[in-house]
Amino acid sequence: MHQLSQQAFAARPAPYDDELDRTAVPLERRLVATDGGTIVGKLVIWELGQWFGGRRVPMGGISGVAVAPAYRGRRVASSLLDDALTAMRERGEVLSTLYPMNHTLYRRHGWEVAGAYPEHDIDLRALTDLPKPTRQVTVRESVEADLPALRALNDEVSREVPGNVSYGPEFAARRLLGHPGAQEGYVAEVDGVLTGALTLGHGDGHDERELYTLSVRNLFAADLDSELALLRVVAAHYPVARTARLVTSVSSALPLLLGERDLRPAGAGWCWMARLVDAPGAIRARGFAPEVDVEIHLDLIDPTAPWNAGPHVLRVKDGEGQLEPGGRGDVLIDIGRLTSLYTGWADPRRLAHAGLIGGAEESDLAALDRTFGGRTPWARDFF
Ligand SMILES: CC(C)(COP(=O)(O)OP(=O)(O)OC[C@H]1O[C@@H](n2cnc3c(N)ncnc32)[C@H](O)[C@@H]1OP(=O)(O)O)[C@@H](O)C(=O)NCCC(=O)NCCS
């Protein structure tokens, strides 16, 4: 599996290193395609959740999809994705998210662009000017025993942020702890209580004045003082490193604290794709604004997951959603487009203008907007 990944993704093949393996999920969460005992295709599915409407929706994060060059174009990846859908459905992972290199392949299987990956470059010189924390915050290196508290804190700060990811145990260890040679991990504490976390990696410098750049893999905190204390650790690399890459929402505290040229969008435009694996289950799992009260008659197109297909009635009331088979099937929509509405990414009127929703009256579009619209969904994880 490692050789296949190297062949598909690496500039220079490297020997296997568990700490660097982005796809090191338990074996039962990997799918392989074989020919006479040789692995010719693979993917893995991380055990994750994603926050929508204040609730954790069980999500399978697809990663490391690779097919041996001699076997490409023969539907190997397609078969793996079909099997992945069945496996996720059986495990109750009602939603699936991935970071696409290849939109065509995934769109054909029902995934659609559904949220942002807002990468920014920060000028570390500017970070050195940030205000000091007003309270005593202790920053120390993370240790394995911090993991349960780190997961709980990550969930607490992510809960109301649409699209943010909730980590299962394996992914949490990879994202939240340090790994010698791969990433540094730090935690912030106030009065002995864990209040924030930072993981950092090094990359190549831009020129001879910069020995390396920083990549902030994860940074979250329960309060501003803890966030400032962790940002000081990042700033303290200046001037050996002069820039850091960070994935953060444009509505985070940083743009309010820094000058507008100090935090710049980088690699803008890359998005994650998502798919409702079990549409009724996914509607049941997410939360909705309490004032939404709608009934919309949908006709769902989903040839690769036929259990979702056909007329369904979407009812949302008192913060709860239900999607039940039946009804008039007024609004014709495929599962990918419904997913990009579900996460709050797509605007239903724009989808209708683009011909991607059929049969919808203005009242249906307004109801879809009330049901799913809100802050732009984003996630900082790459898998
Ligand atoms: C992308 C990859 C996994 C596809 O595997 P595959 O087994 O050849 O894919 P399939 O034969 O199942 O392709 C199904 C459809 O996906 C689309 N597709 C597949 N590969 C594509 C490519 N490289 N570019 C654009 N579309 C592609 C096509 O629409 C194809 O249908 P068609 O053959 O009728 O045109 C394989 O090319 C690969 O390993 N590439 C390198 C790693 C990579 O990019 N992985 C995806 C990371 S997110």
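This is a predicted model: local features need pLDDT of at least 70, side-chain atom pairs count only at pLDDT 80 or more; totals for chains, interfaces and linings use all residues.
User: Which element gives the most residues to the shell around the ligand?

Analyst: The elements that give two or more residues to this shell are helix H1 (2–9), strand S3 (55–67), helix H2 (76–91) and helix H3 (103–108). With four residues, the element that gives the most is H3.

User: What distance separates the ligand oxygen atom from the polar backbone atom of Arg-75?

Analyst: Among the 19 residues around the ligand, those that come nearest are Val-65, Val-67, Gly-73, Arg-75 and Ser-78. In the case of Val-67, a backbone N or O atom lies 2.8 Å from an oxygen atom of the ligand. For the polar backbone atom of Arg-75, the distance to a ligand oxygen atom is 2.7 Å.

User: How many residues of the shell around the ligand are nonpolar?

Analyst: The shell around the ligand includes four polar residues and four charged ones. The nonpolar residues of the shell number 11.

User: Is Asp-225 buried or exposed?

Analyst: Asp-225 belongs to helix H7, which runs over residues 224–235, and, when neighbours within four places in sequence are left aside, Asp-225 is in contact with Pro-133, Thr-134, Arg-135 and Val-137. A residue counts as buried under 20% relative accessible area. Because its relative accessibility is 11%, Asp-225 counts as buried.

User: What radius of gyration does the chain have, and why does the chain count as being as compact as a globular protein of that length?

Analyst: The chain holds 12 helices and 19 strands. For 383 residues the globule rule gives 21 Å, and the value for the chain is close to this, so the chain is as compact as a globular protein of that length. The radius of gyration of the chain is 22 Å.

User: What share of the residues of the chain count as buried?

Analyst: The chain exposes about 17600 Å², of which carbon and sulfur atoms supply 50%. Counted by residue, out of the 383 in the chain, the buried share is 53%.

Terms used
Residues are numbered from 1 along each chain as its sequence is written. Side-chain values use heavy atoms; hydrogens and water are left out. A residue is near a molecule or strand if one of its heavy atoms lies within 4 Å of it. A polar contact is a pair of N or O atoms within 3.5 Å; within protein, one must be able to donate a hydrogen and the other to accept it, and residues adjacent in sequence count only if both atoms are side-chain atoms. Ala, Val, Leu, Ile, Met, Phe, Trp, Tyr, Cys and Pro count as nonpolar, Asp, Glu, Lys and Arg as charged, and the others, Gly among them, as polar. Buried means under 20% relative accessible area, exposed over 50%, partly exposed in between (1.4 Å probe, protein chains only). Contact means heavy atoms within 4.5 Å. The radius of gyration is taken over C-alpha atoms; the globule rule is 2.2 Å times the number of residues to the power 0.38. Accessible areas come from the Shrake-Rupley method with a 1.4 Å probe; for residues, only the protein chains shown count as cover.
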